[in-house]
Each structure stands twice: as structure tokens, then as C-alpha cells.
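Good morning, and thank you for coming.

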Amino acid sequence: MTLTELKYIVAVAREKHFGRAAEACFVSQPTLSVAIKKLEDELEVKLFERSANEVSVTPLGEEIVRQAQSVLEQAAAIKEIAKRGKDPLAGPLRLGVIYTIGPYLLPDLVRQAIARTPQMPLMLQENFTVKLLEMLRTGEIDCAIMAEPFPDTGLAIAPLYDEPFMVAVPSNHPLAAHTAIRAEELKHETMLLLGTGHCFRDHVLEVCPEFARFSSDAEGIRKSFEGSSLETIKHMVAAGMGVTLVPRLSVPKEALLAKPRRRKDDQNFVKYIPFEGDPPTRRVVLAWRRSFTRYEAIAALRNSIYACELPGVKRLS
């Protein structure tokens with residue numbers, strides 16, 4: 001039994017396909033298949049059920065794959081301990097970010113990280129919360145920036161900031177004249193939502209639960225009021241298709257000026273308005289596996305995040 005063989009079975013369990021697993025491990029499919037067959041013979045168990053279209057993990061194989069992942073993490077930890085003796089920040093940090101945070105935090109964060117820890121480049125991965133949690137579990141990424149709540153998976157978590165929501169309306173909409181908006185005023189509006197899978201969609205539905213019915217397949221045309229990204233949703237708002245909620249960091253700086261500068265894009269046609277009183281917010285956190293040993297790298301990343309401008313949010317420590 002070798003670490004390479006353990007790496008192969010973890011890859012197959014993740015990809016559920018021998019060809020894709022071989023590509024992920026940078027080896028030929030025959031090489032991977034032979035190594036896995038050798039391991040199965042050595043253990044005298046069947047790890048995978050092979051069919052024409054898909055590979056599935058056997059019940060006993062699931063347990064062995066979990067243990068293999070743990071062994072690989074421990075082996076990596078040995079290397080990290082040796083590395084820390086030379087430079088605790090040496091080497092890349094694999095960072096995951098959800099879609100509704102990445103475009104607005106990463107430009108400033110990457111600049112700060114380059115200035116502060118050039119020896120620790122950020123390898124970035126944008127994805128849904130559920131996928132990032134899985135990637136953390138399997139060791140594909142080291143840490144992730146996400147918004148609570150999400151399932152308790154035994155991760156270490158450091159709160160970063162509380163981010164308020166704002167209302168985005170077409171500039172010629174009656175609500176555009178308001179200086180602040182109450183959630184009740186949105187009940188009769190056409191609410192534009194992100195598609196299923198985005199945690200920000202759930203945040204919007206918490207603020208405006210009456211729009212939960214739009215997620216039903218029976219609503220038919222309501223499906224056309226969903227967008228794949230916040231920027232797509234903003235374009236839909238500019239086109240007059242409805243209103244939406246956006247996180248504060250996604251609001252362009254010039255849109256909040258007393259006399260906004262004219263722009264040659266859709267932001268000319270969108271007005272961003274705060275909520276009246278205490279606004280609804282989301283808590284953004286940094287999460288990592290408790291077994292991850294590069295504590296200094298996590299601390300350096302947090303410092304880089306706190307060095308970002310982060311306008312309009314409440315920083316947490």
C-alpha cells in the first residue's frame with residue numbers, strides 16, 4: 001500500500017470516473033486502474049462498483065476512502081511541519097470563495113496578499129457553498145470564505161465581517177426617490193432572484209419570505225426572473241424587469257455619491273437604497289479544516305482581508 005495508491009482511490013471516489021480521476025492525478029488511465037486493482041487485491045476487498053456510465057464506491061470502500069483521505073492529510077501535514085521550519089508562509093494557499101463574494105472582495109484581497117505575503121500566492125476557486133464544503137472535506141482547498149449559515153461540518157471558523165444588504169431598483173422606479181426602504185415595501189414588487197444553489201438566494205428569501213413561492217416549478221414564467229450571477233441580476237434591474245437585494249460590497253462606489261458620475265454601462269440605470277433602521281445582513285466567515293497545520297498562513301490571510309477597504313461592512317475579530 002502506497003500514498004500514491006491512496007491518492008488514486010480518493011480521486012476516483014471524488015470524480016466517480018476512472019478517466020477523469022487519471023487526468024486529475026496526471027497519469028494514464030491504465031496506470032491508475034492497475035494501481036487500484038493492486039490495492040484491492042492487497043486488501044482483498046472491492047472498493048468500486050464499475051458500470052458503463054459511472055463508478056460508485058462500495059459501502060466498505062466509502063470507509064476506506066475516508067481513512068485514505070485522512071492518511072493523505074497527515075502525510076501532507078508532515079511536509080507542512082518541515083516547511084514551517086524554513087518559512088511558515090512558503091507555498092501557495094488554496095482558497096475557495098462563494099460566487100457572491102469573490103468578484104467584490106478578491107481584487108483588493110489579491111493586491112493585499114501580494115504586498116504582504118508574496119511567497120504565499122493564492123490559488124483561487126469560486127463555487128457554491130455546498131461544493132466548497134465538500135472540497136474542504138476532501139482537501140482540494142485549504143480554506144474558504146463563505147456566508148453563514150451552513151451545515152456544521154466540524155470546521156474551524158473565524159468571523160470576518162457582517163455585511164448589510166441594499167435594495168437595487170431601476171432609476172426610474174417610484175422607490176428610487178426614497179432615501180431608505182422598509183422590507184414591507186418590497187412585497188408587491190417583482191423580485192429578481194439568483195438561481196437555486198446560491199446561498200444569497202436564501203438570504204433574500206429570509207428578508208422577503210413571500211417570494212419563496214417563485215422558486216416553485218409551477219410558477220413557470222417566474223423562472224425567467226432568476227439570474228446566474230449578481231451582475232446579471234443588476235443588468236435585469238437596469239432593464240426594468242424588477243428589483244433585487246445586493247450585498248453592500250457589490251455596490252459600485254460611484255453609485256453612492258451625492259451626484260453620481262455618468263457611466264457608459266447599466267449602473268446609470270440602477271439606484272441602490274439602504275434599508276430603514278437595522279438592515280438585514282449576512283455574516284461572512286473564513287473556514288478551514290481543524291487538521292490544517294498552516295496556522296500562520298490562515299492568520300496572514302485574515303490580516304490581508306482586514307487590510308482591504310471593505311466599505312460599509314462591520315469588521316469582526
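Predicted model: local features only at pLDDT ≥ 70, side-chain atom pairs only at ≥ 80, totals over all residues.

Residues are numbered from 1 along each chain as its sequence is written, and side-chain values use heavy atoms, with hydrogens and water left out.

Let me begin with the helix pair. Helices here are DSSP runs of H or I with at least four residues, numbered from the N terminus. Helix 1 (residues 3-15) packs against helix 3 (residues 29-43) at an angle of about 105 degrees, and their axes are 9 Å apart. The two are therefore roughly perpendicular to each other, a term that covers angles of 65 to 115 degrees. On the side of helix 1, the contact (heavy atoms within 4.5 Å) is made by Glu5, Leu6, Tyr8, Ile9 and Val12. Helix 3 contributes Thr31, Leu32, Ala35, Ile36, Lys38, Leu39 and Glu42. By class, this contact has 8 nonpolar, 1 polar and 3 charged residues.

I turn now to burial. In helix 6 (residues 129-138), the buried residues (under 20% relative accessible area) include Leu132, Leu133, Met135 and Leu136.

Leaving aside residues up to four places away in sequence, Val204 touches Met191, Leu193 and Leu245. The C-alpha atoms of Val204 and Leu193 are 7.7 Å apart, although 11 residues separate them along the chain.

Finally, the pockets. A pocket is an open set of points on a 1 Å grid where a 1.4 Å probe fits, with protein on both sides within 12 Å along at least five of seven lines; its lining residues have an atom within 4 Å of a point. The largest pocket has a volume of about 930 Å³. Among its 31 lining residues, Leu72, Glu73, Ala76, Arg94 and Gly139 lie nearest its centre. Helix 4 (59-86) is one of the helices that supply at least two lining residues, and its 10 residues are the largest share.

The second largest pocket holds about 300 Å³ of space. It is lined by 15 residues, with Tyr104, Asp108, Leu249, Lys253 and Pro311 closest to its centre.

Definitions and conventions
Buried < 20%, exposed > 50% of the residue type's maximum accessible area, 1.4 Å probe, protein only. Axes fitted to C-alpha atoms, helices over the stretch in contact; angles between N-to-C directions. Parallel < 35°, antiparallel > 145°, perpendicular 65-115°, else oblique. Nonpolar A, V, L, I, M, F, W, Y, C, P; charged D, E, K, R; others polar. Points joined across faces, edges and corners; volume = space filled by probe spheres on them.
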